[in-house]
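Okay, thanks for making time, everyone. I'd like to walk you through one model today, so let's get it up on the screen.

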Amino acid sequence: MTVEPRLADLFTTPDRDEFWAAIGLEPPVRRASYFDGTPIWLVTGYDATIAVIKDPAVSRAFTVGRVNALRPRIQQIIDELIADIGDEEFDYIERIAHPLPVRVICELLGVPPTQIAWQPGLARALSALPVRFEGRA
């Protein structure tokens, strides 16, 4: 029986490589739990990911026109992030570069701001994960 992965375990596992390797052994599309415990569909593997990206219900969210229409909202998000900083010194990556794409992608997918499980270390932890393309173009 397959156990539903809990993405929050990524922060407590002693071996992230082992965590991702175990997920890779399971079916490429399955139920999982998001960082805040919300049930989600987890898609792994090249072929399954490409199939999801090509799905019209998903790809509509990422058209050039849709992204351009978000420019004012993206500027508003940037303004909010900068306003939260004030006059203090800050780490640009941590305070702007990491949270900005997470918030924009959530906007594209229609995730309400109250449902974004943003943690300051989330993007840093995810960006530290090894990426393997397995020779696919």
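**Starting from the core**

Let's begin inside. The largest nonpolar core has 9 residues in all: Leu-70, Ile-74, Ile-77, Leu-81, Ile-85, Ile-96, Leu-100, Val-104 and Leu-108. Which elements give two or more residues to this core? That would be α5 and α7, and α5 gives the most, with 4 residues. There's another core lying apart from it, made of 5 residues, including Leu-10, Ile-23, Ala-32 and Leu-42.

Before I go on, a reminder that this is a predicted model, so please keep that in mind while you look.

Now, the overall layout. The chain has 8 helices and 2 strands. In what order do they come? Going from the N terminus, you get α-β-β-α-α-α-α-α-α-α.

Back to α7, which covers residues 99–109. Its buried residues are Pro-99, Leu-100, Val-104, Cys-106 and Leu-108. Just past the end of α7, Gly-110 has a positive phi of about 80 degrees.

Okay, over to the strands. β1 is residues 29–33 and β2 is residues 39–43; they run antiparallel, joined by 5 bridges. One of the pairings to look for is Ser-33 with Pro-39 as its bridge partner in β2. Together β1 and β2 make a hairpin with 5 residues between them. In the turn, Gly-37 takes a positive phi, this one about 95 degrees.

While you're in that region, have a look at Arg-31 and Trp-41. The charged end of Arg-31 sits over the Trp-41 ring, 4.8 Å from the ring's centre. How many aromatic pairs turn up in a search of the whole structure? The count is 0.

Last bit, some totals. Of the 137 residues in the chain, 23% are buried.

Terms used. Residues numbered from 1 in each chain as written. Predicted model: local features only at pLDDT ≥ 70, side-chain atom pairs only at ≥ 80, totals over all residues. Heavy atoms only, no water. Phe/Tyr/Trp six-rings, centres within 6.5 Å; stacked < 30°, edge-to-face > 60°. Lys NZ or Arg CZ within 6 Å of the ring centre and 35° of its normal. Buried < 20%, exposed > 50% of the residue type's maximum accessible area, 1.4 Å probe, protein only. Core = buried A, V, L, I, M, F, W, Y, C linked by side-chain atoms within 4.5 Å. Pairing = 2+ DSSP bridges.
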